[in-house]
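Hi everyone, thanks for making time this morning. I'd like to walk you through one model, so please have a look at the screen.

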Amino acid sequence: MSETVLPDSARRVADAAEAAGLAITVREMPASTRTAEEAAASCGTGVGQIVKSLVFRGKESGRAYLLLVSGENRVNEKAVGREIGEKLERPDARYVRETTGYAIGGIPPIGHAAQLPVFMDAALLAYDEVWAAAGTPQAVFAVDPKALRTATNATVLSMAG
Ligand code: 5CA
């Protein structure tokens with residue numbers, strides 16, 4: 001089983017998926033999957049099928065929100081903030097690391113240090129399969145976006161804009 005030799009960060013994602021009843025195989029790719037474009041090239045998919053796991057911070061509460069966004073969409077922060085109920089800002093890399101337990105480039109959609117409210121880009125649900133980061137800038141997994149939505153308890157929003 002190749003998963004027995006995963007780096008600790010990727011192992012935590014695999015374990016969290018199993019605990020959530022999400023059947024995935026974490027794959028370590030030979031080339032970088034640090035950005036959506038690199039991940040699409042490595043996985044042989046379109047960039048729209050790559051799940052960007054982006055952390056935003058509520059301006060009033062200071063709390064972290066996780067947005068799962070199609071690689072082809074840019075988040076309309078104002079519109080999404082209105083849906084969530086508070087204005088959003090982009091935190092620095094340190095805040096992202098502290099709230100998720102992972103470094104930028106490998107932030108996964110599951111298995112975080114703390115439980116985060118999750119919002120999912122409706123565009124991801126147009127695909128049978130999407131690819132998300134699995135804890136490191138070279139680890140990914142494929143998943144049915146509907147199963148990912150269920151496992152993360154995500155609220156689905158239209159994020160394009
Ligand atoms: N592994 C890939 C695809 S699955 C991945 O993690 N892509 S990503 O889009 O979710 O992560 C990169 C994102 O991190 C960038 O889109 C950018 O929004 C964010 N980012 C990059 N540098 C910083 C930084 N210094 N501070 C905060 N966010 C950053």
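Let's start at lysine 78, which sits in helix α3, residues 77–84. Helices here are DSSP runs of H or I with at least four residues, strands are runs of E with at least two, and both are numbered from the N terminus. Before I go on: this is a predicted model, where local features need pLDDT of at least 70 and side-chain atom pairs count only at pLDDT 80 or more, while totals for chains, interfaces and linings use all residues. Residues are numbered from 1 along each chain as its sequence is written, and side-chain values use heavy atoms, with hydrogens and water left out.

Is lysine 78 buried or exposed? Lysine 78 is exposed, because its relative accessible area is 68%; buried means under 20%, exposed means over 50%, and partly exposed is in between, with a 1.4 Å probe and protein chains only. The areas themselves come from the Shrake-Rupley method.

Which residues make up the positive surface patch? Lys78 forms it together with Lys59, Arg82 and Lys87. Patch members have over 30% relative accessible area and no salt bridge, and like charges are joined within 9 Å; for nonpolar side chains (Val, Leu, Ile, Met, Phe, Trp, Tyr) the joining limit is 5 Å. Lys and Arg count as positive, Asp and Glu as negative, and His and the chain ends are not counted. Each charge is placed at NZ of Lys, CZ of Arg, CG of Asp or CD of Glu.

Now to strand β2, residues 50–58. How many of its 9 residues are buried? The count is 7, and the strand is mostly covered. We call two strands paired if DSSP finds at least two bridges between them. With strand β3, residues 64–70, β2 pairs in the antiparallel sense over 7 bridges, and arginine 57 has alanine 64 as its bridge partner there. These two strands form a hairpin with 5 residues between them, and glycine 62 in the turn has a positive phi of about 75 degrees.

Strand β6, residues 130–133, runs parallel to β2 and is joined to it by 2 bridges; isoleucine 50 stands opposite tryptophan 131 in β6.

Last stop: salt bridges. In general, side chains of opposite charge can pair when their charged atoms come close. The cut-off is a side-chain nitrogen of Lys or Arg within 4 Å of a carboxyl oxygen of Asp or Glu. How many does the structure hold? There are 5 salt bridges.

One of them links arginine 11 to aspartate 15, with the closest N and O atoms 3.1 Å apart. Both residues lie in helix α1, 4 residues apart, about one turn of the helix. Arginine 11 counts as partly exposed because its relative accessibility is 26%, and aspartate 15, at 36%, also counts as partly exposed. Arginine 11 is 122 residues from alanine 133 in sequence, yet 12 Å from it in space, C-alpha to C-alpha.

Arginine 12 forms a salt bridge with aspartate 8, at 3.4 Å between the closest N and O atoms. Arginine 12 is partly exposed at 31%, whereas aspartate 8 is exposed at 54%. Then there is aspartate 144 with lysine 146, at 3.6 Å between the closest N and O atoms.

Definitions and conventions:
Accessible areas come from the Shrake-Rupley method with a 1.4 Å probe; for residues, only the protein chains shown count as cover.
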